[in-house]
Amino acid sequence: ISNESPNITSKSNIEFGEFGFLNEEQVDFILNRLRLSMVKENSVASFTAIMTSLILSINSEKMMTKINNLLNSMATFFHPSNTDIWSSLCAKFVSSFIRVYHERCKLEEDVGKYRKELYLTPDNHSKLVEMFQGPILVGSMSKDTKSATYYCSSLAYLLDIDPPNKFQLMDTVLLEVYTPYPHSIERESIALKQFGRIARFYCSTPIYRMHITNVMNMIINKIDANDPEMCIPSLNCLLCIAAFTPISIIEEYKDKDFYSVTQPALAAHIQNIRQGFHETEYNDEFKYAFGVSTTLFKPIVEALITKLFSFVPSKAEENELFKIAQLFLIMIESMDKNMFDFFSQIFISHLDDESAFLNCKDPNVDIIAEITGYMLKRDASLYSQLISMFAVKVDREVEKSKGNVRSKDLQERDNKMLFCVRVLDEVFRSEERR
């Protein structure tokens, strides 16, 4: 497709037929051998090589039908309850197929100049989604984290080729996020993982933008410093959303009420999805609902700060603390000036009232100091205010003879002094870097 007269056609007279440069018997042999290798022999030499030969041979409906037949014959092997050595191979097969298909699409976009009739078509993309949607959504529930990750990653490759029926897939994942599973933490965490993998498509597709702040609010309510099983997937999903979402309230909608305007529109959209109606048109009603949805950013920021300070007295894992620090770093950089001013005001008020989170043994003060540094990196003018505030705090603690016990172990009575010193250290470092 990048050469007007490639040697393989001009000199050998080989035609690119229904199965590419292969014939039907060769394709059947490859597919049958692939199935046996995954299910019976539990070993595949090179998924990439096999997938490349198959995907570069797609040039007809017959080829897609044969691949669909292969998937149907292996349907039970994708199910998370049918776990064995083949589980990881099935996950790699799905991931490799969709990834190489995606590579072919991008290759045609980037270097394709000739023989447009050989290109993959929107109908091919739609068929691909129809074939692989089931295995991906079922397979992502695997208890094997690595296999589940293969399936979830495939979602992003599928949507990146912009299939005509992408709304069907996005609606299915969105519905999973909205559906409560009170007796299945695994199901909720899988829904968050799926949504996080394709969050950028929800943020960039107009019809879904009105859901973003509501989904963020729902996820924040699931965060619990003492429940890493749910906390880490929640923070990961928030990280993915925040990376593609400007934290800003649209000026013309700032006085509107989210719950009377946006909430009914969200409920109606979800109800339509449940009934099998996949809306694709971005109308004025959705645009208005999206504008009003941005008013939820203030409650979101306030709730996140409250959650952050709940991590200080907790026994949170290091991975949780790292994730929440990442989240605040991204969100601080994503805020416009008005939202950052609101954030800094709420955050500093929590810093000032340290009594609510320091009454414990070994408080996680480093996380607060780190985020204070991020805040100063964004706005160095807060330096003087923080210095003045903590100078008063340190003087007060010294007057109470705090920190005067000579011991290798920190005393709980010295928590406030420790907190002040650690935050001040970050404040001075930030000023020095500036």
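This is a predicted model: local features need pLDDT of at least 70, side-chain atom pairs count only at pLDDT 80 or more; totals for chains, interfaces and linings use all residues.
Trainee: Can we look at α7? What span should its 18 residues have?

Mentor: Helix α7 covers residues 122-139, and at 1.5 Å a residue it should span 26 Å. Its end C-alpha atoms are 25 Å apart, which agrees.

Trainee: Where does α7 bend?

Mentor: At Phe132, by about 40 degrees. A proline, Pro135, follows within four residues.

Trainee: Which residues of α7 are buried?

Mentor: Quite a list: Asn124, His125, Ser126, Leu128, Val129, Met131, Phe132, Gln133, Pro135, Ile136, Leu137 and Gly139. So the residue at the bend, Phe132, is buried, and Pro135 is buried too, under the cut-off of 20% relative accessible area.

Trainee: What covers them?

Mentor: The cover of the buried residues of α7 includes α4 (61-73), α5, α6, α8, α9 (166-178) and α10 (185-197).

Trainee: Which helices supply at least two residues of its lining?

Mentor: Those are α5 (75-78), α6 (85-111) and α8 (145-160). Among the lining residues are Phe77, Phe78, Cys90, Ser147 and Tyr151. Gly139 of α7 is buried, and Gly139 also lines this cavity.

Trainee: How does that lining split by class?

Mentor: It has five nonpolar, seven polar and no charged residues.

Trainee: What about the largest pocket, what volume does it have?

Mentor: About 630 Å³. Its lining has 23 residues, and the closest to the centre are Ala148, Glu186, Ser189, Ile190 and Lys193. The elements giving two or more residues to that lining are α8, α10 and α13 (228-242).

Trainee: Which of the elements gives the most?

Mentor: That is α10, with eight residues. By class, the pocket lining divides into nine nonpolar, eight polar and six charged residues.

Trainee: I also clicked on Met51. Where is it, and is it buried or exposed?

Mentor: Met51 is in helix α3, residues 47-55. Met51 counts as buried because its relative accessibility is 0%.

Trainee: Which residues does Met51 touch?

Mentor: Leaving out residues up to four places away in sequence, Met51 touches Leu34, Phe93, Ser96, Phe97 and Val100.

Trainee: Why do residues three or four places apart on a helix point the same way?

Mentor: An α-helix has 3.6 residues a turn, so residues with that spacing point the same way.

Trainee: Last one, Asp162. Where does it sit?

Mentor: Asp162 is in the loop between α8 and α9. Its phi is near 55 degrees, a positive value in a residue other than glycine. At 49% relative accessibility, Asp162 counts as partly exposed, because the exposed class begins over 50%.

Key: Residues are numbered from 1 along each chain as its sequence is written. Side-chain values use heavy atoms; hydrogens and water are left out. On a 1 Å grid over the protein atoms alone, a cavity is a set of points where a 1.4 Å probe fits but cannot get out, and a pocket is an open set with protein on both sides within 12 Å along at least five of seven lines; lining residues have an atom within 4 Å of a point. Ala, Val, Leu, Ile, Met, Phe, Trp, Tyr, Cys and Pro count as nonpolar, Asp, Glu, Lys and Arg as charged, and the others, Gly among them, as polar. The expected span of a helix is 1.5 Å times one less than its number of residues. The bend at a residue is the angle between axes fitted to the seven residues ending there and the seven starting there. Buried means under 20% relative accessible area, exposed over 50%, partly exposed in between (1.4 Å probe, protein chains only). Contact means heavy atoms within 4.5 Å. Grid points are joined across faces, edges and corners, and a volume is the space filled by probe spheres set on the points.
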